[in-house]
Every structure is written in structure tokens, then in C-alpha cells.
Amino acid sequence: MKKVKYFYNTQTLKYEKLVVSLRVKVLRILGFVSAAIVTGAIFLSFAYRFFASPKEKLLQRDLDGMKERYEALQGRMKEVRTKLTALEERDNDIYRVIFEAEPIPDSTRMGKVVADEEAAQLQSFASSEIIASTSVLLSEITNRIKSQEKSFDEIDKLVKNKQEMLAAIPAIQPVSNKDLKHIASGFGYRIDPIYKMMKYHSGLDFAAPSGTPIYATGNGVVEEASLSDVGYGNHVVLRHGYGYKTLYGHMLRMKVKAGQAVKRGDVLGWVGSTGKSTGPHCHYEVIKNGTKVDPVYFFFSDLTAEQFETLVKMARSGNQSFD
């Protein structure tokens with residue numbers, strides 16, 4: 001039942017029925033609708049500003065997933081670049097030195113000019129920072145790989161012309177060490193076992209049981225086979241030619257004599273602890289043009305890339321030497 005409203009008329013002194021005109025009704029309805037619309041707009045604006053819609057939440061999850069995958073991809077590419085850089089260093093410092101070829105400059109390997117130009121072109125694209133950084137890294141890796149392939153092609157030609165040289169250059173470990181457990185001390189400054197102070201250690205120490213065979217690491221001629229109770233003790237020096245010599249110290253016994261020709265893998269003697277030594281081991285040195293160099297970079301014939309990396313880490317540990 002419709003509710004009837006009355007008002008007191010002061011002129012007639014009577015209660016009279018309240019009658020609202022159509023115009024007033026329309027204005028009231030329009031006012032209510034307008035207020036509702038404004039209130040709704042304010043509420044929606046607040047909601048959209050502070051609360052994400054289901055679609056926005058889904059897009060945000062997709063974006064977060066893309067960022068994680070992108071970071072993982074960047075990490076993998078940087079890992080590839082690190083390994084490639086190690087290969088390049090080995091190429092410049094070992095292979096190209098061995099064959100007396102000029103090292104390849106890093107700027108040539110990475111193709112920096114090309115990478116900079118490509119990055120500049122990508123700045124106008126959407127998400128340019130991600131695209132540019134990824135593109136530059138990929139371009140650098142691609143250029144480095146191409147440069148390394150070219151270097152290996154060049155070295156391959158040198159190899160074919162220098163088989164005799166390759167047979168002479170030290171290329172294996174002097175003690176059988178497939179499990180990489182015999183490296184005791186590396187090249188560089190180490191704690192002297194006698195004087196207990198830092199002294200320059202000019203070779204690698206291979207700890208092994210007394211009587212373990214010691215092998216020639218390259219073809220050559222025995223320059224010296226010396227019996228001694230001091231210094232290197234019983235030791236052998238091989239002259240390989242091409243500016244290379246190797247020394248094998250602290251032997252228990254020697255099998256060769258001065259002037260004898262040997263081939264890579266021939267037994268020179270057996271591990272001992274003669275001379276200035278604190279335990280059975282083989283002290284091994286590589287001499288290039290009169291300068292003693294780190295022997296760890298001359299085991300490329302009997303080690304995989306992974307084994308080589310492991311051996312380098314072991315040789316660089318700052319432990320005490322055996323002599």
C-alpha cells in the first residue's frame with residue numbers, strides 16, 4: 001500500500017495531502033542517478049588503482065615468469081661466454097704461442113664495433129633495454145665463436161706442417177695422473193717445506209709412491225742425467241728442440257743417460273725423494289727459451305677440457321711445496 005504524506009497548511013490551518021509534481025520527481029530521479037554514477041566512478045577508480053583485476057594478475061604472473069626465464073637465459077649466456085673466454089686464453093697463451101703465431105686481440109674476437117652499432121639500432125624498439133642487452137651479448141658470443149673457429153683453422157694448418165714440432169713439445173703429464181690426484185704443489189710462490197717461508201716454486205710437484213714411473217713428456221735428447229744428494233737430487237733434463245727443455249727431479253733411480261734419444265712416453269726413471277725433498281714426488285719443469293714457464297699449460301694431449309680446468313684450479317692452490 002502506497003504511503004500518503006501530509007503537510008500542515010498554515011493558511012488554511014488544515015492538514016493537506018502532499019502532491020509532488022512530475023518535474024520534481026524527474027529532477028529527484030536524475031539527481032539520484034547522477035550521484036550513483038559519480039559514486040560508482042569514484043569507487044571503480046579507487047579499485048582499479050589499488051586492486052589488480054584477474055586479467056592484470058594473470059599478465060603480471062606471465063611477466064614475472066618472463067623475467068625469470070630471461071635472467072636464466074642471461075646467466076647461461078654469461079656462462080658460455082666465460083667458458084669461451086677461457087678457451088680463448090688457452091688459444092692465445094698456449095696454442096698460438098706454441099706455433100709462434102700472433103695472439104688475436106680481444107677487440108677483434110668480440111667484434112665490439114658491430115655490437116655497438118646493433119645496440120644503437122635497437123634503442124627505438126619496445127623493451128629496448130632487454131632486447132639490446134641480449135642482442136649485444138649474443139653478438140659478442142657469435143663473433144667470438146667465429147673468431148675462434150678461424151683461429152683453430154689457422155692452427156690446424158700449422159699442425160699439419162709441424163708434426164715433428166708437436167711430437168717434441170711437452171704435452172703430457174710426467175706421471176700417470178688420470179684421476180688428477182697426484183698434483184701436490186703448483187707453479188709460483190709457495191711455502192717452502194724446509195724454511196717455512198714463501199719462495200718461488202718453478203715447477204709442478206706430482207706426489208706419487210716411490211717407484212712410480214716417470215715419463216718423457218715429448219720427444220727429445222737427454223741433455224743431463226745427474227746423480228745428486230742436493231737440490232733436484234737425481235734428475236734428468238731433456239732437450240726437445242724448438243726452444244723447449246724439461247726437467248724431472250728427485251728420482252729414486254734413472255733409466256736414461258746423457259745423449260740418449262727418447263720419445264714421448266718413454267720411462268726416464270722412477271719417483272723418489274732424493275735431494276731437497278720432503279717426500280716421494282716428481283718435480284717437473286718446462287723451460288721455454290731459457291725461461292721457466294707454468295707446466296700446467298702443457299698437458300693438452302692427455303686431458304679433456306673439464307680435466308684441464310680442474311687441474312688448473314688444483315695447481316693454483318697456495319699450498320706447501322714438496323721441495
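Helix α2 spans residues 54-98 and carries E68; helices here are DSSP runs of H or I with at least four residues, strands are E runs of at least two, and both are numbered from the N terminus. The model is a predicted one, where local features need pLDDT of at least 70, side-chain atom pairs count only at pLDDT 80 or more, and totals for chains, interfaces and linings use all residues. Residues are numbered from 1 along each chain as its sequence is written, and side-chain values use heavy atoms, leaving out hydrogens and water.

With a relative accessibility of 57%, E68 falls in the exposed class (exposed is over 50% relative accessible area, buried under 20%, partly exposed in between, with a 1.4 Å probe and protein chains only). On the surface, E68 teams up with D62, D64 and E71 in a patch of negative charge. To join a patch, a residue needs over 30% relative accessible area and no salt bridge, with like charges joined within 9 Å and nonpolar side chains (Val, Leu, Ile, Met, Phe, Trp, Tyr) within 5 Å. A salt bridge, in turn, is a side-chain nitrogen of Lys or Arg within 4 Å of a carboxyl oxygen of Asp or Glu.

There is a nonpolar patch as well: V4, Y6, Y8, L13 and Y15 make up about 600 Å² of surface. V4 sits in the segment before β1 (6-9) and, at 38% relative accessible area, is partly exposed.

Turning to the aromatics, the count comes to four pairs, where rings of Phe, Tyr and Trp (its six-membered ring) pair if their centres lie within 6.5 Å, and planes under 30 degrees apart are stacked, over 60 edge-to-face and the rest tilted. F206 and F299 make an edge-to-face pair, because their ring centres are 6.1 Å apart and their planes meet at 75 degrees. This pair ties together distant parts of the chain, 93 residues apart: F206 belongs to strand β6 (residues 204-207), while F299 is in the loop between β14 (291-293) and α7 (305-316).

Most residues other than glycine have a negative phi. Y242, in the loop between β9 (234-241) and β10 (244-254), has a positive phi near 55 degrees. Y242 is partly exposed, at 38% relative accessibility. N289 also has a positive phi, about 55 degrees, without being a glycine. N289 lies in the loop between β13 (281-288) and β14 and is exposed, with a relative accessible area of 57%.

Terms used. Areas by Shrake-Rupley, 256 points an atom, 1.4 Å probe, with all protein chains shown as cover. Lys, Arg positive; Asp, Glu negative; His and termini not counted. Charge placed at Lys NZ, Arg CZ, Asp CG, Glu CD.
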